[in-house]
Amino acid sequence: MMGNEEADDLHESREEMESLVLDEPSNGRSSASGTVPDHHDPLLSSSSSSFIDRHNPNSSLNAFLDPPSYAEAIFTSFDSSSNGHETPQLSSNSNPRSSDYLYISISDPQKEQELSNSLVPGGTTFYTYLITTRTNLLEFGGPGSEFSVRRRFKDVVTLSDRLSESYRGFFIPLRPDKSVVESQVMAKQEFLEQRRASLEKYLRSLAAHPVIRRSEELRVFLEVKGKLPLAKSIDVASRVLDGAARLPRQLLGEEGMDVNAKGGRDLLRLFKELRQSVATDWGGVKPLVVEEDKEFLERKERLAEFEQQLSNMSLQAESLVKAQQDIGETMGELGLAFVKLTKFETEEILFESQNARAADMKNVATAAVKASRLYRELNAQTVKHLDKLHDYLGIFLAVGNAFSDRSSALLTVQTLSSEVATLHARIEKLEAASSKIFGGDRSRMRKIEELKESIRVTEEAKTCAEREYEQIKENNRSELERLDKERHDDFMSMLRGFVVNQAGYAEKMANVWEKLAEETSGYAKDGS
Amino acid sequence: MIATRSVSGSSQSPRSPSSQPYLSVSVTDPVKLGNGVQAYISYRVITKTNLPEYQGPEKIVIRRYSDFVWLHDRLFEKYKGIFIPPLPEKSAVEKFRFSAEFIEMRRQALDIFVNRIALHHELQQSEDLRTFLQADEETMERLRSQETGIFKKKPTDFMQIFKDVQSKVSDVVLGKEKPVEESNPEYEKLKHYIFELENHLAEAQKHAYRLVKRHRELGQSLSDFGKAVKLLGACEGNSLGKAFSELGTKSETLSVKLQKEAHQLLMNFEEPLKDYVRAVQSIKATIAERANAFRRQCELAETTKLKEINLNKLTLMRSDKVGEAEIEYQELKVESEEATRMFEMIVRLMNEEIVRFQEQKTLDMGIAFHEFAKGQARLANGIANAWRSLIPKLEACSSS
């Protein structure tokens, strides 16, 4: 957009602009927001919180709360509730029913060396981040505890994987991408900051989830110093099977759900066999999953429709933000051109009229520069509000996962049912065959007994799977309810925040232009 | 305002009593004529006057762009030293040439052009102006086609002259003096001012034009945003859906406002800036003319001197070529005096013109700035009111 030369010019004349228009007290905040986005466009940062934290990376208090914005301070009179668009952030960290809070902040990326494992002398390096938690939840130290740990990105991946396994059916926030390509391409500082911000957002969203925040996995991640004591998922075999045929891993993994310990190893063997049988059947047989719950299906379809429109709205929101940014920039450039003109007309006075023109141009320059700043502030606020849309797109991905959990649990139940039926059929066949032999058939009888035992175990597994399925269904249901409520609140507050913001800044801009109109009113034609 | 010694212009309706002389012109009703490549726009030029030199109180003629160019070029030839009001640019990108916006911009610029001539105390007396305002279309066409060749300066010639003048200006600025150039420090300052001014104005105009575009883009994205919001609202149902729907509608309304304001901005702010740039370019053309006149004056003075010396020599030698030489010398002397007079006239006129120009421009820009401010204030208030009216509706939605 602006060439380097012009950017320098802009920078150079920025002091001029500041000195020209200093009839309002330059608020530290607003001038900060004036200079920072020159080199770091708030739109480029992956989350809006990084834009705020940038100013005070070391102040832990600042890291927990968004600093009061110059803009918002003006508009408290319009908001009957306190800063409507700010509360979602805070309420997500504190339970409104009690005064529980769980504040997480991430800072201080540091380089560390990978030990012995690698063959290459010197080893590979990785970065760790300091994760500081403040909470009064009982699961943690108790009221007012504060503690820190160091974690690397791989640990976050582990946390995310374990949560996915343990909390099937829940809308679990998605973790940040591994983004290998970006880490090569971006400047180190920028990449670290982006990662830090996205990790922080992720952990905060986990802390905001009413069920996940109380999970053992999260607690361990946040509290236990040293190496992260969560096992990575080692179940390679079941990773091979994709889609709905995935069997519940916790029945095979080391950490268990509530499963009869007695049947554990048998189940293990059985499931391995089953998996193979399912795998071989896969070639010809279509998946058996049939969801009977009509209400659920309807809801799912409606959500899909909503997600699509949301995605579209998010796209349009992005282009709106870009358009706002562009107009602000061009207004600024116009102002700058008039600053230069003013300077030019005052440099050497050859004619009387130059004075009048210079004065007029200065007024125009001042108004344009002010308007340009207002556009920039407006946009920063707009981004914050409309960011909710992006958040919800992420939530919908989590919803998708939760629905997948449900499908795969149902498939398990149905697979086990059909296995039982198959086993029964085999027994019948054997019984029919052996009854034809006088005195019975010893080997067949034995086989029948084996099969009966298999049925028993399979029935037990099926019961287990049914329980699991019902639990997941219930999780889905309660989460959908929670989503509906939160969605309603979040979107209402987003819309309101957006509208108040737009109205407020439009008013401020009107004031700027009305002032200029008055300053130039001497030129008004008759009747204007 | 400029001293209207004789005639008042069309920007005010003739509220002066009929005893006061007036000449008022308007350029209206653009109509596309012809087909295909030869298609062009014709305008109605309506003249209202009580001046005796004109054929009556009102006259309507049809003119096209090249007729205006004819008038401009004739005036430029005849009235050296005067800043001839600038014309809008000749050609445009083909696609754009017949767009409503371009036609309107051009019409406005042509209207201003003719009226400035009508208001100028010297130019308004031009016979060419009278021809332009009154001649029938065939005569006009004949005159117009005669112009190609002798009187028309090709754009390349101008470019060369500009380059010469520019290099001379920079030479002087750099301290290198070249012969056959006025050594007038005041004038040098003026030239430097004019050249610099054009650059600054051009930049301001460029950003003003971009600003128009930005308004349109913002309008478009508000419209798209509004539609997307409404679609999302349709999914929701209940009070949230209603809120979305209201917001989407508002957004679309504001999109319309933005498009309107973009047009206003173009016609009332960007175009006056453009006009200012053109006016400065017109001054540069006059500067070139002055340089030509000066050169001519110098050359003729030189040549006359040489002829005089030669004549004296011949007289002393009692040559029989004396008579011839005498005649030649006299002729040259007349020419030289003529050239000097011309140059001095240009200098005098320029001095008057520049003062008039400065005052006029201060006024023109003042008006443009005022319109700009009013337009932006109107837009901002419109936006604020629209969004504000939505807030109670949103409150109602959230409480239900």
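The crossing of α1(B) and α2(B) is left-handed, a term used if the near helix is turned anticlockwise from the far one by less than a right angle (right-handed if clockwise). This is a predicted model, in which local features need pLDDT of at least 70, side-chain atom pairs count only at pLDDT 80 or more, and totals for chains, interfaces and linings use all residues. Residues are numbered from 1 along each chain as its sequence is written, chains are lettered from A and ligands numbered from 1 in the order in which they are written, and side-chain values use heavy atoms, leaving out hydrogens and water.

Let's stay with that helix pair. α1(B) packs against helix α2 (residues 100-119) of chain B at an angle of about 30°, and their axes are 12 Å apart. Axes here are lines fitted to C-alpha atoms, for helices over the stretch in contact, and angles run from 0 to 180 degrees between N-to-C directions. From α1(B) come B:Tyr65, B:Phe68, B:Leu71, B:His72 and B:Leu75, while α2(B) brings B:Arg106, B:Leu110, B:Phe113, B:Val114 and B:Ile117; contact means heavy atoms within 4.5 Å. By class, these residues are eight nonpolar, one polar and one charged. Ala, Val, Leu, Ile, Met, Phe, Trp, Tyr, Cys and Pro count as nonpolar, Asp, Glu, Lys and Arg as charged, and the others, Gly among them, as polar.

Chain B as a whole has eight helices and three strands. Helices (H or I, at least four residues) and strands (E, at least two) are DSSP runs, numbered from the N terminus.

Now for the sheets. In chain B, three strands form an open antiparallel sheet in the order β1-β2-β3. β1 (23-33) and β3 (58-64) of chain B are the edge strands with a single partner strand each, so one side of each has no neighbour in the sheet. The twist averages 20° from one strand to the next. Chain A also holds an open sheet of three strands, ordered β1-β2-β3 with antiparallel pairing. Its edges are β1 (102-113) and β3 (145-152) of chain A, each with a single partner strand, so one side of each is left without a neighbour in the sheet. Two strands pair if DSSP finds at least two bridges between them.

| Strand pair | Bridges |
|---|---|
| β2 (residues 40-49) of chain B with β3(B) | seven bridges |
| β2 (residues 125-135) of chain A with β3(A) | eight bridges |

Within these pairings, B:Val45 has B:Val61 as its bridge partner in β3(B), and A:Thr133 has A:Phe147 in β3(A). Helix α10 (residues 216-223) of chain A packs on the chain A sheet, touching β1, β2 and β3 of chain A, with its direction at about 85° to that of β3(A). In chain B, helix α3 (residues 127-134) lies across β1, β2 and β3, running at about 90° to β3(B).

Finally, the two chains meet. Helix α13 (residues 294-347) of chain A packs with helix α6 (residues 185-236) of chain B at about 165°, their axes 7 Å apart. That angle makes α13(A) roughly antiparallel to α6(B); angles over 145 degrees count as roughly antiparallel, under 35 as roughly parallel, 65 to 115 as roughly perpendicular and the rest as oblique. Their contact has 27 nonpolar, ten polar and twelve charged residues. A:Leu350, in the loop between α13 and α14 (353-435) of chain A, touches B:Lys189, B:Leu190 and B:Tyr193, not counting residues up to four places away in sequence. A:Leu350 is partly exposed, with a relative accessible area of 24%.

Technical notes
Buried < 20%, exposed > 50% of the residue type's maximum accessible area, 1.4 Å probe, protein only.
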